[in-house]
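Morning, everyone. Please bring up the model on your screens.

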Amino acid sequence: ERLRAVVTADPRNVFLRRSLATQLNAYAADQLATGDAVGARASYVESASIMRALVAADTANAEHGRDLAYALDRLAGVQLALGDADAALATARDAVA
């Protein structure tokens, strides 16, 4: 929550936004490990949303593209685990687009 507050205070800071997205991915993995797939899905969705914005702002940045693909790949896995195969397929396709 502290990093989220800092990002909110400085929303144009790319480093902080990417850091938040990366931490959300790690948090989602912890949520999965403790059986909270719904929470993990929300964390991956938020991470992917941040990364989409970063990719849109700098389409040549391969690191941001990789981070987005990672979040989408993980999100697809969670969607599949939650029984939403259609969403998982759409997200997986988005990850490789």
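The structure holds six salt bridges. A salt bridge here is a side-chain nitrogen of Lys or Arg within 4 Å of a carboxyl oxygen of Asp or Glu. Side chains of opposite charge can pair when their charged atoms come close.

Quick ground rules. This is a predicted model, where local features need pLDDT of at least 70, side-chain atom pairs count only at pLDDT 80 or more, and totals for chains, interfaces and linings use all residues. Residues are numbered from 1 along each chain as its sequence is written, and side-chain values use heavy atoms, with hydrogens and water left out.

Now find Asp67 and Arg18. Their side chains form a salt bridge at 2.5 Å, N to O. Asp67 sits in helix α4 (residues 62-81) and Arg18 in helix α2 (residues 14-33), so this pair ties together parts that are 49 residues apart in sequence. Helices are DSSP runs of H or I, at least four residues, numbered from the N terminus.

Is Asp67 buried or exposed? Asp67 is buried, at 10% relative accessible area. Arg18 is partly exposed, at 22%. The cut-offs: buried is under 20% relative accessible area, exposed is over 50%, and partly exposed is in between, with a 1.4 Å probe and protein chains only.

Asp67 has another partner. Its side chain also meets that of Arg66 in a salt bridge, at 3.3 Å, N to O. Arg66 is exposed, at 52%. Zoom out, and Arg18, Glu63, Arg66 and Asp67 are linked in a network of salt bridges.

Next pair: Asp94 and Arg52, at 2.7 Å, N to O. Asp94 is partly exposed at 31%. Arg52 is partly exposed too, at 38%.

Let's stay on α3. It has 21 residues and reaches 30 Å from its first C-alpha to its last, close to the 30 Å expected at 1.5 Å a residue. That expected span is 1.5 Å times one less than the number of residues.

Which way do its buried residues point? Among them are Ala37, Tyr44, Met51 and Val55. Down the axis of α3, the buried residues fall within an arc of 165°, so they line one face of the helix. The arc uses directions from the helix axis to the C-beta atoms. On the other side, Ala56 and Ala57 are exposed.

What does the buried set of α3 pack against? It packs against α2 and α4, where contact means heavy atoms within 4.5 Å.

Terms used
Helices (H or I, at least four residues) and strands (E, at least two) are DSSP runs, numbered from the N terminus.
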